[in-house]
Structure formats: C-alpha cells, structure tokens
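Q: I would like to learn how to read helices and their surroundings in a model. Where do we start?

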Amino acid sequence: EPWRRPIWLQDQSTPLGTTMHGTWTRSWNVARRMWVRKRGMKRDVVQVRGGPMGLYRKAVEDGICRADPAQEEALWKLQELYQKVSDNKTGPKHSGLTVVDTVSTTTNTKTTWWKNVMDSLQDTEKKKKYPQVKGVYLYGGVGTGKTMVMDLFLDALPIPVRANRTHFHDFMLNIHKRLRDKPNVADPVAAVAHDVAQEVAVLCLDEFMVADVADAMILNRLFTCLWEDGLVLVATSNRAPDQLYEGGLQRDLFLPFIASLKRRCEVHEIRSRTDYRRMVQNQGGVYFHGPGASEALRERFEDLVGGTPCIPVVVPVTESRELAVESASGETAFLTFAELCDRPLAAADYIALCDRFSTIAIDDVPIFTAASKSTAYRFIQFIDVVYENRIRLLLSAEGDPEELFCHILTPDQFKVQKADADREVFVDANIGFTKDRTISRLLEIQSHEYLLSFAERHARELLQYLGRRAVA
C-alpha cells in the first residue's frame, strides 16, 4: 500500500502533498538520493528529470551522442551543483553597496556604536561559517568531452541564474581591460572582481590554462574576491590543479591560488579513453601537408574567394594597435605562418583576427623545434582562439598534426622515453601538455561536424548544402 511505505519509496508520479504524510518538506530528488545512498543503489538506475544529466540521457536516447561512463561520472558532479544553484543556495545576498555588506532585515533604526561593532563581528563570523557552494573543476585528456558536459550544465541552468561561459583567454583579456579602466583605485583587482560578481553568479571557464606571468600574479587575489562575493566556478582544463603554471616564473607566488582552487571547487578527472575528435576526423580539403601543400592551399583559397581580388586589410586590435593582413577578400584572409607567429602577437591579436574574418588560410606551418619554441606557443594560442570562435581554418604544413609537435616532450615524457638518435627533442612543460589539445583540435577542424558548427555561426547559407551532404 502506498501510504504504508516510507516517503522516499513512494511512486514518483504521486502528487506532492497528497499522501497521509502531509506536505513534503523535501524535494523528490533529495529523498530519492537519500534512499540511493542508504541502499547502495547504483546512480545509473535513478530517473533524472532535468539538469545536465537529463539533457545527456536525452541526447543518448536520440542517438546524438553515445553513453560514456567517464562522462557520466563528471555529469553527476555537475548535476549536484545544478541542484544547489537551481535551489538558489549560493550564499548570502549582497546589497550591492560594498563587497562585504549584507542586506539587513531589522527595522530598528536606533543603534549604538557598540551594537554596530558587535553586529559587524557577528556578520563576519557568519560569512566564515556559511557553507559556500563549491564549484567543479574538470580535467582530463583531449577529446574526452569536458567542454560538452560543461555546456550541458550551462544549458540546463534556469534562466534566472546569471551564468556566463567563456574561454579562459577571453576572460583574462577582459579582466586586464577592466583593470586598465581603474587606474586610481586603491585595490583595482578587488574592485574588478566585485563588478564581475555583480554580473555573473556562475562562471564557466573553458580550457583553464595559466601560461602568462601577468595572469598568474593576479589570479589568487581575483578569485579570492570572486569567491567571497559568492561566485560559483565551473572550469575545464587539460591539467590537474597542481600542474597549473608548472615551471612558470615566480610560481611560488601562484601556489596559494592552487590551494584555494582545490578548496573552493570539487576537482574531478574525466578518465575516458576515447578521443571523440579523432572519431569524426575527415580529410575535407582543409589541411595540406607534404609536397605541393602550399600550392594546394592557394588553389583552395582561390576557390573560396571566387576570383575576387585580394587586398591588404588593417584589423584594429586595441585603440592604439592594429594588425596588418597583406591578403584578404571579404571575410576570408590569407597569411603565412611567419606573418602569424614570427611577430610578437598575443591572444588579443588573434581574437581581433577571428572577429574580422570567418575563414583564415595559413601557409607553411613548420615542424616545431627548440629554436621555434616561442612561435609554437603563439600557434597554440591561435588554434585555441580559432576553435573557440568556430573559424574555418585552412592550413599547409610541413607534416601532419602529430608530426608538428614530435620534438616537444613534457618532463614526465622525457623521463620515460629514450630520445631517438635520429631526432632532436626538447622539454617544455607548458607546450608539452597543450600540444595534445592542439593536435586534437587540428584534427577536429577537418571534420564535417566542425564545418557544420562554422556554418551555423558564420555562414548559415551553407547549412542546407551540408545537410544534404551529411545524408548522402
């Protein structure tokens, strides 16, 4: 009999408040989880309604993606965070006047100096004891679905939740711009953090990677203030927190941020052995290597511009800086690798380039060696920006994507691998870790699925053609 069973064993379809137990004081999901933990029942048999796990299971049922136990483990972490955020349990509400004040509920206007002091001490103690909502930091190998599960979490959030999803490079560029706009503020980092926290309650950062000393030196102060303001962080990375900024300048000053990150976020590794980007690799005439690669790239570029003459174009980067592109037609640009990476360019330049052009052709990408370490780092940054903005990229290179980075090893790889006598190798922690992501993205950029995402964002007139091609 339904009324004889404990409340968490009753049928999920029973209307709330209709049992003899009275109005439910907990949601069905909470009661169900209690029962699952008590009985040792596996989570995969629990019916999930809504949230990132609900979207994921719907996608699996529809054949959009295939079930992956490693991804599901990560999604359970995000499902729990989704429930907390949806329930609006994100910390004390600020009045918007200062960083530390809270909205008062008292109506008594007669206060004394001593009462003000005691109230301030009590408020400080409450903030220390308040159970902050911990974010989630996902890390793992390339192509394991980190970005996908984070996007499912973001898509599932209810509209009232102020959430923002961006690439780590873009986020830090925005932070530095805000800092420049506050030249006369005593603590500009805290002021910028407070502004960000007023705009965003849940911040999703993709590809969390610290390589710049300017970023490393402000991250601890920045995120300490953000977390104090109640911000919830969800991040993806190829590196575990302890490996961030490894080998960087003055890393000892960066270590407090790692400790704070591990304390404020639940760290979870996605251990999927499948690289889904490799599964969709398709040589679609966008990556050329070997003899005649430059000629094939130029011919492909000429087909895209359709005989339209190419002219030099100046791309504004900042108010005081511009980037010259020698050959462009409409939204299509042609650059040599030397023009792109031999110059002292940074993420801001590549973002401006991708804002101006939707198709970019790069000629003569070399196999990287110790002598070209700085250009390799710029190339990695460029590929990150291209991928994030879904730019159509055409390349001619000296070798295939894996051969481009064959000389670069991480310290751990150097220990376990004996250097080949026939090739020169050099050790670089930052490039060694990020090269796998770049190789994976160079493969995915060649896929039909990536071209579809490019068309959806930049050239919707191609969707009909791509759809017919996909069916065929």
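A: With a definition: the expected span of a helix is 1.5 Å times one less than its number of residues. Helices (H or I, at least four residues) and strands (E, at least two) are DSSP runs, numbered from the N terminus. This is a predicted model, where local features need pLDDT of at least 70, side-chain atom pairs count only at pLDDT 80 or more, and totals for chains, interfaces and linings use all residues. Residues are numbered from 1 along each chain as its sequence is written, and side-chain values use heavy atoms, with hydrogens and water left out.

Q: What span should the 16 residues of helix α14 have?

A: Helix α14 (residues 373-388) should span 22 Å, and its end C-alpha atoms are 23 Å apart, which agrees.

Q: How many residues of α14 are buried?

A: Buried means under 20% relative accessible area, exposed over 50%, partly exposed in between (1.4 Å probe, protein chains only). In α14, 13 of the 16 residues are buried.

Q: Where does Asn-389 lie, and is Asn-389 buried or exposed?

A: Asn-389 is in the loop between α14 and β11 (392-397). Asn-389 counts as buried because its relative accessibility is 17%. Contact means heavy atoms within 4.5 Å; leaving aside residues up to four places away in sequence, Asn-389 touches Cys-354, Asp-355, Arg-457 and His-458.

Q: How is a pair of packed helices described?

A: By the angle between their axes and the distance between the axes. Axes are lines fitted to C-alpha atoms, for helices over the stretch in contact, and angles run from 0 to 180 degrees between N-to-C directions. Helix α7 (residues 188-199) and helix α8 (residues 213-228) have axes that come within 8 Å and cross at roughly 45°.
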